[in-house]
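Subject: The structure, and what I found in it

Hi,

Here is the structure I promised to pass on. Please open it alongside this email, and my notes follow below.

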Amino acid sequence: VDTDKETGKFEVVEKAPDAEAAFNMIKKLQGKQHEVITVLLVILSPAITGKSEPVMEVHDEHVSVLIAPLTDELIKEYTLNEPAWKGKAGAYGIQDAAATFIQGVYGDYYTVMGLPVHQLSRILAAKIPHQ
């Protein structure tokens, strides 16, 4: 499952198909806080659980991201000259040139990138016996 970025209206923001759509997505998100939800599917093998079949668990992690107010010129420059928005929900990658747009992250930074590292480590620590 890819990371979905949602506006305050709980509208799912998907991947932009082109630079114009990317511009519009970032323009809509700029100057506001939005929620990023990443879903994590953990499959535990019988060797770990002691059960006869693998066990699947679904977890979700929520993070709030605040994008600073941006000028149209800055958004246009990013969407026309920076290919990093391609393939990203919300048309930005927190780890690329758009990092300069981010005013605040409230939660696990890696959740915004697509892998909630903190939550995964807690799940694994609780499920895998320590030797």
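Let me start with E61, which is buried yet has no salt bridge. Its nearest side chain of opposite charge is that of R122, 5.0 Å away. Buried here means under 20% relative accessible area, exposed means over 50%, and partly exposed is in between (1.4 Å probe, protein chains only). A salt bridge is a side-chain nitrogen of Lys or Arg within 4 Å of a carboxyl oxygen of Asp or Glu. For charge, Lys and Arg count as positive and Asp and Glu as negative, while His and the chain ends are not counted.

Before you read on, please note that this is a predicted model, in which local features need pLDDT of at least 70, side-chain atom pairs count only at pLDDT 80 or more, and totals for chains, interfaces and linings use all residues. Residues are numbered from 1 along each chain as its sequence is written, and side-chain values use heavy atoms, with hydrogens and water left out.

Where does E61 sit? E61 is found in strand β4, residues 55–67. Not counting residues up to four places away in sequence, E61 touches V36, I37, T38, T111, P116 and Q119. Contact means heavy atoms within 4.5 Å.

The overall layout

The protein chain has five helices and five strands, in the order β-β-α-β-α-β-α-β-α-α along the sequence. Helices (H or I, at least four residues) and strands (E, at least two) are DSSP runs, numbered from the N terminus. The C-alpha trace spans about 55 × 25 × 25 Å along its principal axes. Of the 131 residues in the protein chain, 37% are buried. Among contacts with a separation of 6 or more, 65% are between residues 24 or more positions apart. The accessible surface of the protein chain comes to about 7700 Å², and 56% of that belongs to carbon and sulfur atoms; these areas come from the Shrake-Rupley method with a 1.4 Å probe, and for residues only the protein chains shown count as cover.

Two helices with a buried side

In α1 (19–29), the residues A22, F23, M25, I26 and L29 are buried. Seen down the axis of α1, these residues fall within an arc of 165°, so they line one face of the helix. The arc is that of the directions from the helix axis to the C-beta atoms. What do the buried residues of α1 pack against? They pack against β2 (12–13), β3 (33–44), β4 and α3.

Helix α3 (residues 72–81) has I75, Y78 and T79 buried. They cover an arc of only 90° around the axis, which puts them on the same side of α3. The face of α3 turned away from that buried side carries the exposed residues E73, E77, L80 and N81. The cover over the buried residues of α3 includes α1. As a reminder, an α-helix has 3.6 residues a turn, so residues three or four places apart point the same way.

The salt bridges

How many salt bridges are there? The count comes to two. In one of them, the side chains of K27 and D72 meet at 2.6 Å, N to O. K27 lies in helix α1 and D72 in helix α3, so this pair ties together parts that are 45 residues apart in sequence. Both ends are partly exposed: K27 at 35% relative accessibility and D72 at 34%.

The side chains of K127 and E57 also meet in a salt bridge, at 2.9 Å, N to O. K127 lies in helix α5 (residues 117–127) and E57 in strand β4, so the pair ties together parts that are 70 residues apart in sequence. K127 is partly exposed, with a relative accessible area of 34%, whereas E57 counts as buried at 16%.

Two loop positions

K86 lies in the loop between α3 and β5 (102–106) and, at 52% relative accessibility, counts as exposed. The C-alpha atoms of K86 and A19 are separated by 8.5 Å, though the two are 67 residues apart along the chain.

G31 is in the loop between α1 and β3 and counts as partly exposed at 42% relative accessibility. Leaving aside neighbours within four places in sequence, G31 is in contact with I67, A68 and P69.

Best wishes
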